[in-house]
Amino acid sequence: MSFTSDQMELREEEIRKHYSAATAMLEGIDHTPRLAKPQAEAAEPERSPGIARTRRFRSTTPGLVTRSTARPEGVHLRARIEAAVDDDPLMSPQQATALHQLRRALAIGLAVGESYSTSSGLAELKRANLAGTLDAARKAEFTQLLAAEALAVLHVFANATAFLLAPHASEVQVEIGEVEEVLTDNAQLALHGLLWELDQKLAAYADDDARLVATLSAFAEQTMEKVALRAQNAPRLAPFTDAVWRVEADDLTLRGFEPATKARSTSLVMAFKKPHEVVGNHIAKYQSLRLAKMLMAYDFDRRLNPFAEMGGFIFTFMGDGKPGTGKTTLIQMMAGLLHDYCQVAGYPFRYQNFGIDNIDSYQGKSGQNARAFIDTVMDPGVIGFGTVDDIDQIAGKRGDRQSSAGQQEVTAVLMDAFAGANTLVRGNCTFGMFSNYPENVDDALRQRSGARFLVDGPQTREDYIDVLHLLLGSNHQIALGEHDLYAAQEIRKAVARSFESHNRPQEDALLAVFDRVHSRIGELDTIAKLGTYLKAIQETDERFTGRAIKNITDAVKVRSMDFELPDEWMENPELFLFKDYDTKASMIAELRVPITTEMVLQEINRYADSEFRYAGKSDEAAIDAMVRDLGRQEEAKRRYLEEHTA
């Protein structure tokens, strides 16, 4: 593999020279816990008969009595892991794998720590301190550099452990609680403290092979989270965070405090649909086809998609339509395309749906499930596609008393993930929200969908003939008749007709605004006139804010990329997919078309139509509910008076 300009190779000899030190740590170390409390006895060899186990002496000297009197605990991780399955005297393959990967992760952490020490100047200060010649003025700097090295080594160790054990993980999960013994005095003490706590967790949770790996993985993830949090305000970390290390033998890339996840595809069991099997829904189908190919332009080395950098990438979209119009079929088509493209290119593909079963009655668990869903799909090591079907039932409106606490948690997580302060769009994944009743979705969450796919199903006579023929299958002898099968589903012609239909608004309320502005200022053919139209829409619906303008301009940029990447590029990865980032970007730039006023007007109308449609339905639904409530109150009052005046 070729290294990008921001990567440094962590050579194998630099890692392997730390194997002896890593092995010694696994064999046995002593550590006195400072922050965490012991929960299990140390797994140490039995002492010879006659050697007493006396209690530790408690000092009565004033000033020393407040010091920790905890005895140094002998940590024997190898013995602990070998004892994970009590009924087998031999070490299992899973136990041996865990030990080897722990040693490898420790060696990688020590190697990165050594590199940090050299590049930051810490190595010189260590030598001066050892010789007793360290300048008093530099002691504060020395302390800060030691703490920074400790944080770097801890995170790299945990990061490498999680990465190396990922292929060996099963469906078993373990909740281990918080990691507490995170020390930053120096790298060696920090590792000793962490290994001591790991020993405690293994004693509590790792009673078989599956739970052993699950415990190690959970511990590594908790450690990364805790260390990254501590590192937010720590000084002297630039030599670590600004560098990118590459371990070629493990296919591992270390980028500061960013977790390096193992790029694995999820097993996908789904009835995939071909594009011609999606009848109607022309714009939605066209944009789904293009979006699938856009995702494939993602560059795994640069961790960026040219479409995300140049504009025109759809990170989130909302698909709405009546029941039975084809939302599920659209999902099956797009997932099938991505699955096939990734198989040809050898890319890992991950599809996940967030459903109503992810809403939990336990406080905070629904939000955790939503965050896990987001993190799984956004993993920069995969091509990801996430869907939230029936989002109106899953994400609650803020302030809605009928929404559960779990639904409110999901809304908060999705809003932060889709357009929050920390949202980073790399272009390797997309999220689709689908609903039969989008008016019931929180306004702010709905506006975080960058594109709108109106899933209206079959519309024309030809559409209905096509869908009837498709669903009947082949087990019949009925003649087709005078009809050109699937000709109406030809994407280019259908999409052109669909876009032209948006030259004028389709919702009555928006049409009134359009006609009023058009009669006053004429054709909307300049930016000033289009801006006047947007202001008029905002005066009619105050929910039409700056975010709406951003979504419209993003959609226009998508239209400027109004081309499909050629099918040959997907079928033969060498033509495009395996090119370097800059070559991909230049190939895409050559296909780009200029933005026109017609495009802008059509996208304004498309987006505003959807907002007016949602708002109108939402208002009508609220009015109907109030009318029913008033009717019930009047009926209750009438019955009450009849009963009490009789």
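Select helix 12, residues 327-345. Its 19 residues should span 27 Å at 1.5 Å a residue, and the end C-alpha atoms are 27 Å apart, which agrees; the expected span is 1.5 Å times one less than the number of residues. Helices (H or I, at least four residues) and strands (E, at least two) are DSSP runs numbered from the N terminus. Helix 12 is mostly covered, with 14 of its 19 residues buried. Buried means under 20% relative accessible area, exposed over 50%, and partly exposed in between (1.4 Å probe, protein chains only). Just after helix 12, select Gly346, where phi is positive at about 80°.

This is a predicted model, in which local features need pLDDT of at least 70 and side-chain atom pairs count only at pLDDT 80 or more, while totals for chains, interfaces and linings use all residues. Residues are numbered from 1 along each chain as its sequence is written, and side-chain values use heavy atoms, with hydrogens and water left out.

Two further positive phi values come next. Most residues other than glycine have a negative phi. Select Asp251, in the loop between strand 4 (244-247) and strand 5 (252-255); its phi is near 55°. Asp251 counts as partly exposed, at 46% relative accessibility. Then select Arg303, in the loop between helix 10 (282-295) and helix 11 (306-310). Arg303 also has a positive phi, about 55°, but is buried, with a relative accessible area of 13%.

Now display helix 7 (residues 187-205) together with helix 8 (residues 209-231). At what angle do the axes of helix 7 and helix 8 cross? They cross at roughly 140° and come within 10 Å; axes are lines fitted to C-alpha atoms, for helices over the stretch in contact, and angles run from 0 to 180 degrees between N-to-C directions. Helix 7 is therefore oblique to helix 8, since angles under 35 degrees count as roughly parallel, over 145 as roughly antiparallel, 65 to 115 as roughly perpendicular and the rest as oblique. The contact (heavy atoms within 4.5 Å) involves residues including Leu194, Leu198 and Tyr205 of helix 7 and Leu212, Leu216 and Phe219 of helix 8.

Remaining in helix 7, select Gln200, which is buried at a relative accessible area of 5%.
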